[in-house]
Amino acid sequence: MSNIVAIVGRPNVGKSTLFNRLTQTRHAIVSDEAGTTRDRQYGKCEWEGKEFSVIDTGGWVVNSDDIFEEEIRKQVSLATEEADVILFMVDVQNGVTDLDEEVAAILRRTKKPVLLVTNKMDNNETWLAAEFYGLGLGDPIGISAATGSGTGDLLDIVMSKFPKKTEELPDENIPRFAVVGRPNVGKSSIINAFIGEDRHIVTDIAGTTRDSIYTRYEKFGFDFYLVDTAGIRKKGKVSEDLEFYSVMRSIRAIENSDVCILMLDATRGIESQDLNIFQLIQRNQKNLVVVVNKWDLVEDKSQRVMDTFIDAIRERMAPFVDFPIIFGSALTKQRIFKVLETAVATYENRRRKVSTHRLNEEMLPLIEAYPPPSMKGKYIKIKYCSQVPDTHVPTFVFYANLPQYVKEPYRRFLENKIRERWNFHGTPINVFIRQK
Ligand code: GDP
Ligand code: GDP
């Protein structure tokens, strides 16, 4: 189960500088796949061989004066609900401000671990941090996000604060589904449609509280876990149209799932908020089933209208386009069975193994007919390929004499050819070119 660290604090204290520093630790290790853009709100940090998520709450603040303070308060409250560890950042060069006091007041009420991070101690000016003891959040941890000094010690403390109790792992052979989407799209409704109002819970995993993130169901002949339904059912006091809200609520569910059921609202089309959640799904390399919900409200249900929808979705989500799109209604229960059936099918696709023999037999003649373009006068030869065993995501390696000369379009060509030949509908796959 993954952990989440949230960075909170008023503007200009250095949140995004720290965020960049923490998330770069990972980017140094995992090469960025072409086409994915890094945003400043959400990223992964790797430290001492463990990975966790980092959220920069500052990334969402709309910078206009009057809504601004209220917005910060909301985001701090939300972040404390969803994160495992909260980094409260202040600026030692500025001293304690009114807004710092306000944020501290909210944070003193949480039971979650809060670390008071005094930033901009570029020359280890420890005396500057003294006045921050008054915030009542324990010893300040001095860092310089700009130079990086103190951040290693900070990460050690962060790791020590993660909850010890690890949730019992669910049965690995049963898929974990997360229903995600922006507020009011119909997530609670579809969950009710899946499981019925009677909520047939087969088992609560032993030793977990009602905050458990996995609940197991047997419905319509399918056996599955729903991830984090409590978080979805719980309607927050905060403004629900806040973009930050739906993202915060989605992160944990997505990270702990195998298949994400992304709900879109047929009456609204696809908007940036939907795309943000889609990007979270993609970056965590989860399976995707898109449900265009509230289809009952659309008058013209012709194929032409459906095709327009499908084209718009695929265009916005390119280059990942090989996933199912289902038009349905949580309210009338139209195609609810189909959604579950499809989610299970994509999970099976994720576990698909292609034998080395079959893979080479199909792919090598293709590669011979359409070889990678030669670069700098050198021929690029791919002689062999295989699927890597025991990976979370189906992963294929093609061995080449000069892998660095095989460019993204050709890699994508190979991926598409694999997808044409074997059914990986709804699941991400990795294709790597390596030295033979
Ligand atoms: P945010 O609004 O909290 O995300 O703050 P930013 O990360 O955007 O930083 C605000 C300003 O403080 C920028 O000009 C940064 O370069 C600067 N800054 C951030 N960290 C440090 C630091 O450790 N030392 C110094 N001197 N400046 C910093
Ligand atoms: P959530 O915030 O994503 O959990 O959304 P809800 O499930 O609470 O639904 C928000 C509103 O949309 C409620 O009034 C639902 O009755 C309504 N709703 C949900 N699904 C459908 C649907 O398929 N058709 C129609 N007409 N209304 C729906």
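Mentor: Cys-45 is buried, because its relative accessible area is 0%, where buried means under 20%, exposed over 50% and partly exposed in between (1.4 Å probe, protein chains only). Cys-385 is likewise buried, at 0% relative accessibility. The structure holds 0 disulfides, a disulfide being a pair of cysteine sulfur atoms within 2.5 Å. This is a predicted model, in which local features need pLDDT of at least 70, side-chain atom pairs count only at pLDDT 80 or more, and totals for chains, interfaces and linings use all residues. Side-chain values use heavy atoms, without hydrogens and water, and residues are numbered from 1 along each chain as its sequence is written.

Now to the helix pair. Helix H11 (residues 356–369) packs against helix H12 (residues 408–421) at an angle of about 140 degrees, with the axes 11 Å apart; helices are DSSP runs (H or I) of at least four residues, and strands (E) of at least two, numbered from the N terminus. Axes are lines fitted to C-alpha atoms over the stretch in contact, and angles run from 0 to 180 degrees between N-to-C directions. H11 is therefore oblique to H12, since angles under 35 degrees count as roughly parallel, over 145 as roughly antiparallel, 65 to 115 as roughly perpendicular and the rest as oblique. From H11, Glu-362, Met-363, Leu-366 and Ile-367 meet Tyr-410, Phe-413, Leu-414, Lys-417, Ile-418 and Arg-421 of H12, contact meaning heavy atoms within 4.5 Å. The residues of this contact comprise 7 nonpolar, no polar and 3 charged; Ala, Val, Leu, Ile, Met, Phe, Trp, Tyr, Cys and Pro count as nonpolar, Asp, Glu, Lys and Arg as charged, and the others, Gly among them, as polar.

Terms used: Chains are lettered from A and ligands numbered from 1 in the order in which they are written.
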